[in-house]
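Please look over the sequence and the structure shown here before reading on.

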Amino acid sequence: MEFSLTNQTVQNFDGDCAVLFAFLDKSNDDQAIQALINLNHFKAKVGKKLSLNFVDGFKVSRVIVLGLGEAELSAKNYAKALISLTDTLEGEKVKSALIEEVNVDGYDQSWVHKTTARVMQNSIYQIEKVGTDGVEESSIENIAIQSNSDNAYELLQGQAVAVGMALTRHLGDLPSNVCTPTYLADTAQSLAKEFDLDCEVLEESDMSKLGMDSLLSVSKGSIEPPKLISLSYKGNGNAKPIVLVGKGVTFDSGGISLKPGACMDEMKYDMCGAASVLGTMKAIAKMKLNVNLVVVVPAVENMPAHNASKPGDVVKSMSGQTIEILNTDAEGRLILCDALTYVEKFDPEAVIDVATLTGAVIVALGKHNSGLMSNDQALADDLISASKVALDGTWQLPIEDEYDEQLKSNFADMANIGGREAGTITAACFLARYTKDYRWAHLDIAGTAWVSGSKKGATGRPVPLLTQYVLDQVN
């Protein structure tokens, strides 16, 4: 799908389809179109469509009227309408369309252009079934957006974000017998080759020499070898890099603390943090931004073998701190803590870790907002601001001493769980013990990385949030 800006009118467009917008509380400027809307008793609720053929005064054979709800159009409603529009264009096998200019309350036209490209491009993503020859290509070839501007860079940004989301979704949707730690390492190396990035993959022996016994305590029960992947993009000389750390548990059985069987197949999505930081790297590299970015992925599989870690075991992390493993299903923090110690070598400007870390965040925030915790309020504020622009919601939760006290252990410096209460926060408190030397934020995406049910699949979040945050640091 290609996007462009044009000052051409929808009436004179000579492609397949013209797209007009309608509001519940505002008549269409074109009286003939308004008469047809009235004739069809069309109610312009968000995402509702009216398809009209051979309308007088239009060169195109088809005109689609898309409902946007109230005239004071919200950003979220515009995105919802775009998804509905894309489905309609696909269903009617439209190859080219011109979308009329629209104003979104509180956002400028550059945001409209970028969001249109990103949402529509992301909407044509299809899950690629294993053993098939790819997916059917979208029928949509060209989307023109009516505008007086000729600066198409926002369109390129939107498409780059969608491409990053597609990689994230593809990796998440792959079965765990395909997407192993080695597969993630191979993916990073392919990105390095495609975009001229620096890539380093540490093997089990390398991690052992560095003292990453916490990370290795998770992987030792699996026949899949662990990997510690780092990928670096250098677009701003010697400036300090932004570092993104993504949890890469390619399958989480829970280990000896075995999970219930119901929905365990969805634990292939426990590497969506890793997938999202790789997707973000792809988006940033495609944009060729003037920024230094590093992504680090600790990749393991968590299985209940005879040599797997057991509740009550004590391990030493790379930082030298000891951990009593009370629950082997709280494994994400055990691999992240060593990765968060490792990233000190990059002298980071800021570190953001992304992880499907706790079921508790789903109880707290549902499937709408990712949980955000940070040791630096300015960093948290920047992420919240970016989330609003990107329509990739997040909600800040506290990390305070009272919560940290729940991690006390009689046998080690800390336990890896803090009890039933405030599980999302105590998990962040655990990670905070390894991030005292730099600005750090934690995104718990357990509720937002994928959806269940008949439309089961990865969402590509929080790639929009992360890319917007990086963009904001450049601008």
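Does Asp-347 count as buried, exposed or partly exposed? At 43% relative accessibility, Asp-347 counts as partly exposed, where buried means under 20% relative accessible area, exposed means over 50% and partly exposed lies in between, with a 1.4 Å probe and protein chains only. This is a predicted model, in which local features need pLDDT of at least 70, side-chain atom pairs count only at pLDDT 80 or more, and totals for chains, interfaces and linings use all residues. Residues are numbered from 1 along each chain as its sequence is written, and side-chain values use heavy atoms, with hydrogens and water left out.

Asp-347 is found in the loop between α9 (332-342) and β14 (350-355), where helices (H or I, at least four residues) and strands (E, at least two) are DSSP runs numbered from the N terminus. Most residues other than glycine have a negative phi, and most peptide bonds are trans. The phi of Asp-347, however, is positive, near 50°, and that of Lys-288 is also positive, near 55°. Lys-288 sits in the loop between α8 and β11 (292-302) and, at 67% relative accessibility, counts as exposed.

Helix α8 (residues 272-287) has a partner in helix α4 (residues 153-173): their axes, which are lines fitted to C-alpha atoms over the stretch in contact, come within 8 Å and cross at roughly 150°, the angle running from 0 to 180 degrees between N-to-C directions. That makes α4 roughly antiparallel to α8, a description used for angles over 145 degrees. The contact, meaning heavy atoms within 4.5 Å, involves residues of α4 including Tyr-153, Val-161 and Leu-171, and residues of α8 including Cys-272, Leu-278 and Met-287.

A cis peptide bond, with omega near 5°, runs from Arg-461 to Pro-462, and Pro-462 lies in the loop between β20 (457-458) and α14. The 12 residues of helix α14 (residues 463-474) should span 16 Å at 1.5 Å a residue, the expected span being 1.5 Å times one less than the number of residues, and the end C-alpha atoms of α14 are 17 Å apart, which agrees. Helix α14 is mostly covered, with nine of its 12 residues buried, among them Val-463, Tyr-469 and Leu-471.

In helix α13 (residues 423-432), 10 of the 10 residues are buried, so α13 is largely enclosed by the rest of the structure. Its buried residues include Gly-423, Phe-430 and Ala-432.

Technical notes: Angles under 35 degrees count as roughly parallel, over 145 as roughly antiparallel, 65 to 115 as roughly perpendicular and the rest as oblique.
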